Amino acid sequence: MAVLPIIKAPDPILKKHCVPVEVVDDEIRTLMDDMLETMYVAPGVGLAAPQVSVHKRVIVVDTSRGDTDRSPIQMADPELIESSDNLAVYDEGCLSFPDQYAEVERPAKVRVRYLDYENEIQEIEAEGLLSTCIQHEMDHLDGKLFVDHISMLKRNIILRKMSKLKKTEALS
Ligand code: NI
């Protein structure tokens, strides 16, 4: 397994749409392994392939936040089957936006169909943090970021901070 570099916003890499993988083969399994390793090291609760410069519809999540009881979920070609009318607000962050958080409102419950690590079709019903996390990561596959869900004012504040951070990093 390898820890991959995470793309930080703003970056056009994060705005590109991803293509379906259709089959989870060894190449995709390696990508899933590397993405999980990268996410745990960061640390974070979710990661989408474009964040590591791969434009394929692959996400990984683990909301257990436990070192001993990890419960990773690897998803290829995730598809939203159902979402609840009632919404939930969560203070979201993103590994592509270090130290930036904003309240985002999304459907409280979702049902998602996907291909798992063994290339089997699975369905998951998620609520709470897991629901938020899956929706956040699925957005990444269509070039959509959590800041695209908030007001332009708040988005510009965060993007300005990110641009400044990138400039400082480039100089150091
Ligand atoms: Ni994210």
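Strands β6 (residues 109-115) and β7 (residues 121-127) run antiparallel and are joined by 7 bridges. Here, strands (E, at least two residues) and helices (H or I, at least four) are DSSP runs numbered from the N terminus, and two strands pair if DSSP finds at least two bridges between them. This is a predicted model, in which local features need pLDDT of at least 70 and side-chain atom pairs count only at pLDDT 80 or more, while totals for chains, interfaces and linings use all residues. Residues are numbered from 1 along each chain as its sequence is written, and side-chain values use heavy atoms, with hydrogens and water left out.

**Hairpins**

- Lys109 has Glu127 of β7 as its bridge partner.
- The hairpin of β6 and β7 has 5 residues between the strands, and Asn119 in that hairpin takes a positive phi near 65 degrees.
- Another antiparallel pair is made by strand β4 (residues 87-94) and strand β5 (residues 97-107), which share 7 bridges.
- β4 and β5 also form a hairpin, with 2 residues between them.
- Within this pair, Cys94 stands opposite Phe97 in β5.

- His136 and His140 are 4 residues apart in helix α2, so about one helical turn separates them.
- His136 and His140 are both buried, where buried means under 20% relative accessible area, exposed over 50%, and partly exposed in between (1.4 Å probe, protein chains only).
- Cys94 is buried as well, with a relative accessible area of 10%.

**Helix α2**

- The 14 residues of helix α2 (residues 128-141) should span 20 Å at 1.5 Å a residue, and the end C-alpha atoms are 21 Å apart, which agrees. The expected span is 1.5 Å times one less than the number of residues.
- Helix α2 is largely enclosed by the rest of the structure, because 13 of its 14 residues are buried.
- After α2 comes Gly143, whose phi is positive, near 70 degrees.

**Nonpolar cores**

- The largest nonpolar core has 18 residues, and those with the most contacts inside it are Met35, Leu47, Val58 and Ala76. Such a core is a set of buried Ala, Val, Leu, Ile, Met, Phe, Trp, Tyr and Cys residues joined through side-chain atoms within 4.5 Å.
- Neighbours within four places in sequence aside, Ala76 is in contact (heavy atoms within 4.5 Å) with Val21, Val24, Met32, Arg57, Val58, Tyr114 and Leu115.

**Cysteines and disulfides**

- The structure holds 0 disulfides, a disulfide being a pair of cysteine sulfur atoms within 2.5 Å.
- For Cys18, the closest cysteine sulfur is that of Cys94, 13 Å away, which is too far for a bond.
- Cys18 counts as buried, at 6% relative accessibility.

**Backbone features to look for**

- Most residues other than glycine have a negative phi, and most peptide bonds are trans.
- The peptide bond from Ala9 to Pro10 is cis, with omega near -10 degrees, and Pro10 is found in the segment before α1.
- A cis peptide bond also runs from Ala42 to Pro43, with omega near -10 degrees; Pro43 sits in the loop between α1 and β1 (46-48).
- Glu22 has a positive phi, near 65 degrees. Glu22 is found in the segment before α1 and is exposed, with a relative accessible area of 61%.
- Asp77 has a positive phi too, near 50 degrees. Asp77 is found in strand β3 (residues 73-83) and counts as buried, at 18% relative accessibility.
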